[in-house]
Structure formats: C-alpha cells, structure tokens
Amino acid sequence: INRLQYITEAAQKMLVKELRQPYLGWYFKGFGKIKKHLDLTDEARQILKRLIEERKKSGERQDDLLDMLLEARYEDGTAMSEKQLIDEILILFTAGHETTSNALTFTSELLARNPEVQEKIASEVEIAKKASG
C-alpha cells in the first residue's frame, strides 16, 4: 500500500507538471520523465494484480471494496476483466487519495483562520481522552 501511495503521488505530481507546463513536453519526454512515470504505473498495476490473485487464491472474504469489485457482475452475468478491475481500483485509489488530500488541506486552512475553533477542538479532544482513559 505504501508503494501504491508513492506511485499515486508521483504520477499526480507529474500530471500536474504536464498540465501546467505543456511547453516543457519536449523536456519531460526527452529526459525520460514520462517513461519513468509510465513505468511506475505499470509497477502499480503489477502490485494490484498480485493483490487480486492473492485474494482470489485465499478464498477469504474481507467485506471490502476489492470483494465488491470482484463480485460485481454485468447484466449478462459476466465479471470485469482483470485489466478493467485494475483500472477501476486505480481510479478509486487516485480519487480517494486526491479527495482526502484536498479535504485535509481545506480543513487545515479553515482551522488556521479560526483559532477559536482550534481551541474548541483541542478542548473536546482532551475531554474525550479523559473519558476514555
């Protein structure tokens, strides 16, 4: 999972660079930056393929998103292909990472602008610690 997180972050950073600096496309391509990130994406696909194979071989249900995707069927009863399954997982992983990152950034910014709210949250955390400890 840590490696997938690293790959996701690296790929997102590169994509942002490509979108914000399209005039550097020659540099990204010529110096192997794009190939490096495509190779990372292939590595992520291999990691996910291994995880899927392990899950299928184990026969255990984890009652998680992977189980849901593995059990999903089209109207004709067929399952997703392995490639499509991996694509779906990558999309969800990337979207979840980006959403969480944005939410934490926005929350931190709001807290920085509202010290009185920071104090209230700190007080509530202390109360919760005392109640549970």
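Me: A nonpolar core is a set of buried Ala, Val, Leu, Ile, Met, Phe, Trp, Tyr and Cys residues joined through side-chain atoms within 4.5 Å, where buried means under 20% relative accessible area, exposed over 50% and partly exposed in between (1.4 Å probe, protein chains only). Which of the 16 residues in the largest nonpolar core touch the most other members?

Reply: This is a predicted model, in which local features need pLDDT of at least 70 and side-chain atom pairs count only at pLDDT 80 or more, while totals for chains, interfaces and linings use all residues. Residues are numbered from 1 along each chain as its sequence is written, and side-chain values use heavy atoms, without hydrogens and water. Among the 16 members of the largest core, those touching the most others are Leu48, Ile52, Leu85 and Ile89.

Me: Which helix supplies the largest share of this core?

Reply: Helices are DSSP runs of H or I with at least four residues, numbered from the N terminus. At least two core residues come from each of α1, α3, α4 (65-71) and α5 (82-113). The largest share, five residues, belongs to α3.

Me: Which residues does Leu85 touch, not counting residues up to four places away in sequence?

Reply: Contact means heavy atoms within 4.5 Å. With residues up to four places away in sequence left out, Leu85 touches Ile52, Leu69, Leu70 and Met80.

Me: How are helix α1 and helix α3 oriented at their crossing?

Reply: Axes are lines fitted to C-alpha atoms over the stretch in contact, with angles from 0 to 180 degrees between N-to-C directions. The axes of α1 (residues 2-20) and α3 (residues 33-58) come within 10 Å and cross at roughly 150°. Angles over 145 degrees count as roughly antiparallel, so the orientation of α1 to α3 is roughly antiparallel.

Me: Is His37 buried or exposed?

Reply: His37 belongs to helix α3. Residues up to four places away in sequence aside, His37 touches Ala10, Ala11 and Met14. With a relative accessible area of 13%, His37 is buried.

Me: What is the phi of Asp63?

Reply: Most residues other than glycine have a negative phi. Asp63 lies in the loop between α3 and α4 and counts as exposed, at 63% relative accessibility. Although not a glycine, Asp63 has a positive phi of about 55°.

Me: What separates the C-alpha atoms of Gln5 and Ala44?

Reply: Gln5 is part of helix α1 and is partly exposed, at 33% relative accessibility. Gln5 and Ala44 are 39 residues apart along the chain, and the separation of their C-alpha atoms is 9.4 Å.

Methods:
Parallel < 35°, antiparallel > 145°, perpendicular 65-115°, else oblique.
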